[in-house]
Amino acid sequence: MSANPLSAPLTLLRDPAAGPVASVDRLRVRYGDTLAVNDVSLSINRGEIFGILGPNGAGKTTTVECIGGLRRPDSGSVTVLGLDVRSNAKELRERVGIQLQASELPDKLRVGEALELFASFYRDPADPERLLSLLGLTEKRETRFANLSGGQRQRLSIALALIGRPELAILDELTTGLDPQSRRETWKLIERIRDEGVTVILVTHFMEEAEYLCDRVALLHHGHVIAVDTPAALGAGMGERISFRPARPLDLEALRQLPEVRTVSRDGERIVVDGSGDLVAAVMAVLVRERVVPEQTEIEQSTLDDAFVALTADANANAAEETR
Amino acid sequence: MSTTTIAVGSRSHGFRRLMLTELRLFLREPLLLFWGLLFPVGLLVVLGIASPSKPEHSLGGLRLIVVYTPTVMMFTLTILSISALPAALASYRDKGYLRRLSTTPVGAVRLLASQVLIVLGLATCVVILLLLVSHFAFSVPLPREAGGFVLAVLLAACATTALGTLVAAVAPSQRVAAAAGSLLFFPLMFFAGLWLPQAEMGTGLRDFSHYTPLGAAIPAVQNATAGHWPGTVHLLVLAGYAVALCAIAARLFRWDR
């Protein structure tokens, strides 16, 4: 084994030009009577990990299937690497790597054989040995697909998506069914892939995964895009919460008058303040002025999870309004 | 073993690798090797040893082993193309492997092509082996009309692989494909004379059998063996099945679950 198989770059960027790697414009896909994807527009930048989030049935997989050229949109356009997906399917198969949700290999195909096989499909593939070691599968080279664990299958699937040295990798439900340990390892791997210059579109319904990995995320709900931003910005928009037990009685009006504060409420002996901006500093300033010592202080930053719950609730309310 | 491939990828390179890989996978199925390769040869040997060495009047003055050799050839064709082929294709679809391949430059159509070519190749090997065994062990004459023999066997192989592909096309799952394959096996092989040689069938039954895919192959092969060009009707029946079944299979084939 060579000194450090990870040091050589996995991909060589063929076209390092700026501009979106993929753009989706007013995409619509219909299944029977339902619109699975309804007016979705997205723009994915080169070199980012772009997350597509949403509950089951939100249209995530359908959207990436259109980007990957596996499904024809009913209307709207999809441009990938500057090429229209509909008329350039062949060229794009060469340059886009896809990891499909729940796709298996023949039971008796060995790991090494699978990589050699898929390498032979591409003009300029990555070295299978290097990918094997990058994904920690070197020792499994002679193992049949049927005898691999869930995590090993998932890693092999990622390796096969990367073997053609794609400029764009689409990974659908990457870590579903993995144990926490394998999930973390897979995340590290995706970051490494991004660092090597591959743009990644990640479909997931795990908020934690999106928060950890994604540079930007799009939230999908009932076939609509309801938000696109960085995970931090989406979370921050939802604000913060600080709660504490005052050492002596406190007039809540003083807190309510702060511009940063949205609501103040009592929870037994505790006081709970919700708000946004520099909430913690503003609340602390009032406590110092009033000479109240806060005990057992807890500060909660809103997460992407909270943002998601709030945004989908809004979307549901709007939809209910419209149908009324 | 350390294999470092400096692969210069190209479509033809990919197809060759796909063929090689599929062949390997085929050879890793012991049941298939038994029924498709060993059993037909064994059957021929047992029949050759057990059957009377005198020509029989009821078989048109031919020895039983001479009559059975083409039937055993059709047996191999049937096992490989009606049982093995649809089971493999349907399982690949169930697993999402066909769909996975369709995202690569090589595409899923080439996988289907490689499967069909492997079945045809293996069937050819077994047919040659059966010819040699029957000839050298039991003095069955080699086909005197070699061209007609090759054409008849080839058309029969095309018809059966097309039927196998059609089974894979319409079967909703691997399980159904396997069941349909074995259900089709019995009537197909009955009309090919596995249980009752065509010569011993009643006139009506025999005439009918000549319009079934394998039943038409038998007289075509027998004629070629005896030194005549196979009957046009039999060849047309085989070609008709091959073309029609191919067309239907191509229309109905689903690449996706």
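A salt bridge here is a side-chain nitrogen of Lys or Arg within 4 Å of a carboxyl oxygen of Asp or Glu. D25(A) and R26(A) form one, with their closest N and O atoms 3.1 Å apart. The model is predicted: local features need pLDDT of at least 70, side-chain atom pairs count only at pLDDT 80 or more, and totals for chains, interfaces and linings use all residues. Residues are numbered from 1 along each chain as its sequence is written, chains are lettered from A and ligands numbered from 1 in the order in which they are written, and side-chain values use heavy atoms, with hydrogens and water left out.

Start with exposure. Buried means under 20% relative accessible area, exposed over 50%, and partly exposed in between (1.4 Å probe, protein chains only). D25(A) is partly exposed, at 32%. R26(A) reaches 52% and counts as exposed. Another pair is E290(A) with R289(A), a salt bridge at 3.8 Å, N to O. Here E290(A) is partly exposed at 29% relative accessibility, and R289(A) is exposed at 56%.

Now step back to chain A. Its secondary structure comes to eleven helices and 14 strands. These are DSSP runs numbered from the N terminus: helices are H or I with at least four residues, strands E with at least two. The C-alpha atoms fill a box of roughly 75 × 55 × 40 Å along the principal axes. Of the 324 residues of chain A, 50% count as buried. Contact means heavy atoms within 4.5 Å. Among contacts in chain A with a separation of 6 or more, 69% join residues 24 or more positions apart.

R270(A) sits in strand β13 (residues 270-275) of chain A. Leaving out residues up to four places away in sequence, R270(A) touches S243(A), F244(A), R245(A), S265(A), Q296(A) and E298(A).

Next, the interface. In it, 32 residues of chain B contact 34 residues of chain A. The two chains bury about 3000 Å² between them, 52% of it on carbon and sulfur atoms. Buried area is the accessible area (1.4 Å probe) that two parts lose on being put together, summed over both. R28(B), K95(B) and R100(B) supply 24% of the area that chain B buries against chain A, more than any other three residues.

In one, E29(B) meets K108(A) at 3.4 Å, N to O. In another, R28(B) meets E113(A) at 2.5 Å, N to O. R28(B) lies in the loop between α1 and α2 (30-50) of chain B and E113(A) in helix α3 (residues 111-119) of chain A, so the pair joins two chains. Both R28(B) and E113(A) are buried. A network of salt bridges also links E65(A), R71(A), R99(B) and D256(B).
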